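This briefing gathers computed features of the structure shown below, grouped by topic. Please read the text alongside the sequence and the coordinates.

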Amino acid sequence: MKIDFIRNVPLFSDLPEEHLAQLVGAMRQESRTKGTVVYSAGQPSESLLIIQSGFVRLLGENGIALATLGPGSLLGEAEFLRGVDHTMSAVAAGDVELMSLRDDALRGLLKQKPQIGIALSRNFGEHLVQMEDYLVARLADTNIMGDMPRNVLRALARSLQPQSVAAGSYLFRSGEPPVGLLLMEDGNLEIRPDQPGAEAQRVQTGEVFGVLPLLTNKNYTESASASQPSLVWVLPVAEFHHIGSHFPALRRALGRRVRSRLSQSDQTQAVIRLAQTPIFAQMAPENLQAIAQRLVLHHVPAGEPIYRAGEPGDALYLVDAGEAELTSQNPQGIVEELDRIGTGGFFGEVSLLTGKNRTDDASATRNTNLWVLYKADLDELVGLYPAIGTTLNQVVASRLSSREGSVDESHYRRFPLLANLSAHDLKTVVNSLHPTRFQAGEQIFRAGTPGDMLYLVERGHVRMQPLSGSNSWVLGDGSILGEKSVLTNQLQGQSAYAETEVDLLTIGREELEALMMRMPTLSMSLSRLLSQAAVEPGSAPFYAENAQPQADGQQMAYAQAPTLSSQRRRAAANRSESNEPRQRFPGIGVWFTNLSMGAKLRLALLVLILIYLFGVAAPAALGRLLSSAETAEGEAAAISASVTGAVALRESEGALVSLQSTEGNDQLIALAAEGVMPTATYTPFPTNTPIPTETPTITPTPSPTPLPTATPVPPTPVPVFVQQVQAAPQPEPEVQAASAPAAPSRAWDGRLSQLGMNVADASAAPGQPYWRLIEAKWENEQEAGGRHHIFIEVLDEGGNRIVGAPVTIFWSGGSESGATEDKNPPDYAYNYPMYMAGNSYGAKIEGLPSDVMQGMGLGTPDLPFHTIHTNVKLIFQRTVAP
């Protein structure tokens, strides 16, 4: 009786008698009296109800009657089968008899008879939530998904769709694109590879298949057909990528467990690539074909390791698609990037052929497909084709010998430090250099820290920021960093940041000093560079004082050196400190003891040069110097008066003084400013060449100080030392009435809109402070430089960084809060790493109403659900709502 009754219900109409009987057995009888509430809006939907007799009235908001249902009608079936709360209320219009199927009873029944759930899903037109438990258990029983977290399996179960395959028809054919992740439920499916003579394999019930084409985005290399009616659960491709972007463990687990031999088309392509690869180029075609047949297709998700340093070298890798990064850790604990291998490249061959353990780490920078030749297969190939082993050994030995014995001299001689070294010394120094790479924005070293490393800029640009906070400058290819600190044991005077991606060659202090002991030319080159880079002991580098970068082709050079006016100001300040004689070099013994070995060598070299000058060159010029002593004394006095007047004028009136001189006259001015007479070291002054009478005079305040009108000068023309430039009167700054600031404009990267990102404006009343997003920028994979972060800067009304501003990053099912930090520019004050693709993340600032950045995630406009490393950079500013 009950079976016939429910057969007339559309949801159960086409179920066989056996299934109807099982459903009726899981139901129970319930009664309601007139006016009784059957269920209320907002309550969980726990039962599927069928009216057996009587009538039930459905009520909407405010108790408004929407409909009255009679015998054979279902109550709340949509909410029940979707697993959501009731959206309306139901009240018995009279005495009512009901048949009730509870949620737990249906789930238990579907575990035993999933065909019932499949039929109900088909009739309902949607996936039943009650099927989830069964599908989760089904997935957990498979070999490749058994250890996945339950939340990942449940996400998969929600999206699986049943697909029937009729006897004699195909689920997919070789050469077709993947249809999705497949789970065999019932029936008989056979997989037949496209290789001639390959045997068909039967798909077992509960087996997951079709995984590798889905991961690698390759067409099927086999066909699947049904020999009898079959049922397969299908997770569509788009749903797989969407779930994989939220749960990286899914792609990671599948990539580790699933691999296969190359298809026929891939083998043909592999032979072509092998022939174009230097290590295989000399092999015969039949040997290349034999290797291609042994290659294994392996998928590695972005960020996953391929191998680690210290592991046995058991495989050679060729990159079919994607990119692999090779890195190692130097003795200082810094991870250095050795190389990036793209499509068509190969790596791992040296460890495989030499039997040595790996000396580097390899990981995938993006989703990568590899063709892998394992050691076991190679050993078998060498036994069958001895020429393969002979050729590989010869190529690897040649490459090792080339690496150890040759140096690209032209590449390294562009560094001033290495330009004058002999070929042997250059090779020795190059073998002591350690390559390292910094991404744009990374700090290389910080001002005020010990300098134990010398840096050579091989490629890229480095921004130098003085500790004093004055103007920064940029250094380019061929430049040297940290030379003063590493040679004098002083702290770093500037911070160094990678302006672009930068490749550096580094050498430690101890290694450098050992090389200097063996190579006088290197010591002299360093001494010359240090003397050019220092104004005086303990001062800032020669090029650091308000220097500005200037472009010179692809190089960045220093704009100018500090003028002698700054040196004279320091000399005048020193004289004003005390009128009593003072020791020029106090504590010379302590000073000498604290010098590094390199500095001591340079000092010894300087002493030898001075001995030559005073012992040989000075006597020859002494006679001429004595004959012109009187004139020279007047010259020095005149110069001293000029300098004193210039200093007095600058300090009293704030006038601008411009000095122009040759190198030798600069030294003379500096000595005269300190009251020191010239010695035989300098060029003697003849007495017969007057200076033009148009020499300008300086009139200091309060009393004028005239300059001589004619001064004897040496044969080399000497330009005028001091020129007076009257300081123009400075007008008083105008005070303007403050006006209410307008809301800052928003700089928006158009690529963000292509990715589906947007801003939800803050709800702020007029005059209320709020956080406004004033800049949003997206960086693609190349611009991101390997990072995958949300970068956030928070500013006050004046554009100054706010430290400690509370930041929240949120996503579906979770969030994380942090605070902005006082990081060194150009670093943003806060960053959060992204691991999910698509429109997964949002960001806002707490404490005030805030604009909300929505829809952020990894991926590109072309591949929005791929975990391609990209960045989003945001700047929020506190402002007042207009």
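The lining of the second largest cavity divides into nine nonpolar residues, no polar ones and no charged ones, where Ala, Val, Leu, Ile, Met, Phe, Trp, Tyr, Cys and Pro count as nonpolar, Asp, Glu, Lys and Arg as charged, and the others, Gly among them, as polar. This is a predicted model, in which local features need pLDDT of at least 70 and side-chain atom pairs count only at pLDDT 80 or more, while totals for chains, interfaces and linings use all residues. Residues are numbered from 1 along each chain as its sequence is written, and side-chain values use heavy atoms, with hydrogens and water left out.

**Cavities**

- The structure holds four cavities of 30 Å³ or more, a cavity being a set of points, on a 1 Å grid over the protein atoms alone, where a 1.4 Å probe fits but cannot get out.
- The second largest cavity has a volume of about 40 Å³, a volume being the space filled by probe spheres set on the grid points, which are joined across faces, edges and corners.
- Its lining consists of Leu-417, Leu-418, Val-429, Leu-433, Leu-454, Leu-456, Ile-507, Leu-512 and Leu-522, lining residues being those with an atom within 4 Å of a point.

**Salt bridges**

- The structure holds 39 salt bridges, each defined as a side-chain nitrogen of Lys or Arg within 4 Å of a carboxyl oxygen of Asp or Glu.
- Glu-18 forms a salt bridge with Lys-113, with the closest N and O atoms 3.8 Å apart. Because Glu-18 lies in helix H2 (residues 17-26) and Lys-113 in the loop between helix H4 (103-112) and helix H5 (114-124), the pair ties together parts that are 95 residues apart in sequence; helices (H or I, at least four residues) and strands (E, at least two) are DSSP runs numbered from the N terminus.
- Glu-18 is partly exposed at 46% relative accessibility, and Lys-113 is partly exposed at 26%; buried means under 20% relative accessible area, exposed over 50%, and partly exposed in between (1.4 Å probe, protein chains only).
- Glu-779 forms a salt bridge with Lys-873, the closest N and O atoms being 3.1 Å apart. This pair links distant parts of the chain, with Glu-779 in strand S38 (residues 769-779) and Lys-873 in strand S45 (residues 871-880), 94 residues apart.
- Glu-779 counts as buried at 7% relative accessibility, and Lys-873 also counts as buried, at 18%.
- Salt bridges that share partners join Asp-103, Arg-107, Glu-132, Asp-133, Arg-154 and Arg-158 into one network.

**Helix H5**

- H5 is mostly covered, eight of its 11 residues being buried; these are Pro-114, Ile-116, Gly-117, Ile-118, Ala-119, Leu-120, Ser-121 and Phe-124.
- Just after H5, Gly-125 takes a positive phi of about 90 degrees.

- Most residues other than glycine have a negative phi.
- Asn-62 has a positive phi near 60 degrees; this residue is placed in the loop between strand S4 (56-59) and strand S5 (65-69) and is exposed, with a relative accessible area of 79%.
- Asn-217 likewise has a positive phi near 60 degrees; this residue is found in the loop between helix H8 (211-216) and strand S14 (222-236) and is exposed, with a relative accessible area of 64%.

Note on methods
On a 1 Å grid over the protein atoms alone, a cavity is a set of points where a 1.4 Å probe fits but cannot get out, and a pocket is an open set with protein on both sides within 12 Å along at least five of seven lines; lining residues have an atom within 4 Å of a point.
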